[in-house]
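Have a go at each task before reading its solution.

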Amino acid sequence: MEDRTRGLEDLFVVEKLSKSFPVWAGALFRPSGHVSAVDDVSFEIKKGETLGLVGESGCGKTTLASMLLRMLEPTSGSIRFDGEELVGMQQSKLRRARLAAQMIFQDPYSSLSPRLTALEVVEEPLLINRRGSREEIRRKAMGLLEMVGLTEMDAGCLPGQFSGGQRQRIGIARALALEPKFIVCDEPVSSLDVSVHAHIINLLMDLQAKLGLTYLFIAHNLALVRHVSDRVAVMYLGKLVEIGPSEVIFEDPRHPYTKALMAAVPGFDPKKRKAKALLGGEVPSPLNPPTGCRFHPRCRFAMPVCSEREPVMTEDGKGRSVWCHLEGKR
Ligand code: SF4
């Protein structure tokens with residue numbers, strides 16, 4: 001099980017990235033605390049790879065992706081994109097950098113204007129960013145629609161006249177319009193009929209190969225994440241707990257939380273499936289996260305040190321890193 005991404009250059013280098021939100025309370029609406037949505041997270045995304053990002057709802061996946069796209073300002077930490085630091089970057093420069101990173105949304109219907117035709121939806125970012133004459137923009141938008149499998153006849157239809165899968169194709173064409181290097185695919189098929197999942201996933205993979213795109217792929221469907229991802233990052237309550245090559249993580253998960261998550265994937269070795277039972281209890285409140293390792297109240301292997309001290313990320317020399325006190329004992 002080798003790491004296919006070894007030797008690839010970094011597109012993103014994220015270091016000690018954190019985001020917390022104030023919590024407002026009382027009649028005077030005063031700040032009463034902070035929610036730590038992402039806490040001290042470091043990782044890289046390689047050029048041309050798909051990094052899968054998994055974890056339960058509310059673990060910080062969307063907050064992390066929003067910071068990479070610079071839709072959210074980090075509380076602290078560093079995000080280097082293609083060699084340039086994005087945190088603290090001048091607004092005019094940041095606007096340009098933002099265009100190189102786009103997003104494909106979960107619900108293509110709500111992300112498309114109902115009054116614009118498919119062609120106009122794709123033309124819009126090109127017009128706003130003045131990417132050519134009216135004629136050039138029209139030709140480019142039409143080319144993008146064809147690239148995602150739509151026809152000239154489709155170009156004049158409104159989003160409401162398309163199926164969910166076709167609307168997602170329009171969303172993908174729009175995301176490609178400004179020739180991005182990086183795309184966040186946020187649950188790109190979860191709102192679609194199962195019969196079109198494979199078509200959209202194959203389209204995304206074909207486009208990646210053709211255009212050299214880098215993806216951050218967020219999904220709850222772990223079998224799908226395994227299928228599309230070169231590497232996988234696992235988050236729990238704002239922390240990155242394990243990251244490494246997809247096959248390594250799915251075949252031999254090391255962090256107790258990753259083991260519990262992977263045990264739920266269809267096809268997972270039934271002998272290891274008992275690990276599923278290890279994930280008891282509720283996810284603790286991010287308003288008052290547990291001390292030490294945030295997973296300790298739910299972890300069967302918890303030791304006294306786990307509630308006292310945070311683990312450190314330990315790399316195994318084969319591209320996999322794990323955030324757990326057990327790693328030092330192997
Ligand atoms: Fe479990 Fe301790 Fe590892 Fe956390 S650090 S996952 S509590 S063994």
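## Overall size

**Exercise 1.** Work out how the chain's radius of gyration compares with that of a compact globule of 330 residues.

*Solution.* Start from the globule rule, 2.2 Å times the number of residues to the power 0.38, with the radius taken over C-alpha atoms. Next, look along the principal axes: the C-alpha atoms fill a box of roughly 70 × 55 × 40 Å. Finally, turn to the contacts (heavy atoms within 4.5 Å). Of those between residues at least 6 apart in sequence, 64% join residues at least 24 apart.

A word on the ground rules: this is a predicted model, where local features need pLDDT of at least 70, side-chain atom pairs count only at pLDDT 80 or more, and totals for chains, interfaces and linings use all residues. Residues are numbered from 1 along each chain as its sequence is written, and side-chain values use heavy atoms, leaving out hydrogens and water.

**Exercise 2.** Find where the ligand sits and which residues come nearest.

*Solution.* First locate the ligand: it sits in the largest cavity. A cavity here is a set of points on a 1 Å grid over the protein atoms alone where a 1.4 Å probe fits but cannot get out, and sitting in it takes more than half of the molecule's atoms within 2 Å of its grid points. Then list the neighbours (a heavy atom within 4 Å). There are 13 residues around the ligand, and C293, C299, C306, C324 and H325 come nearest. Last, sort the shell by class: ten nonpolar, three polar and no charged residues. Cys counts as nonpolar in this scheme.

**Exercise 3.** Is S190 buried, partly exposed or exposed, and what about G319?

*Solution.* Apply the cut-offs: buried is under 20% relative accessible area, exposed over 50%, and partly exposed in between (1.4 Å probe, protein chains only). S190, in the loop between strand 7 (182–186) and helix 8 (194–211), has 38% relative accessibility and therefore counts as partly exposed. G319, in the loop between strand 11 (313–315) and strand 12 (321–323), is buried because its relative accessible area is 18%.

**Exercise 4.** Which elements do the buried residues of helix 4 pack against?

*Solution.* Helices here are DSSP runs (H or I, at least four residues), numbered from the N terminus. Within helix 4 (residues 118–128), the buried residues include A118, L119, V122 and L126. The buried residues of this helix pack against helix 5 (134–147), helix 6 (152–155) and helix 7 (164–176). Just after helix 4, R130 takes a positive phi of about 50°.

Conventions. 1 Å grid on protein atoms, 1.4 Å probe; cavity = no way out; pocket = protein on both sides within 12 Å on 5 of 7 lines; lining within 4 Å. Helix = DSSP H or I, 4+ residues; strand = E, 2+ residues; numbered from the N terminus.
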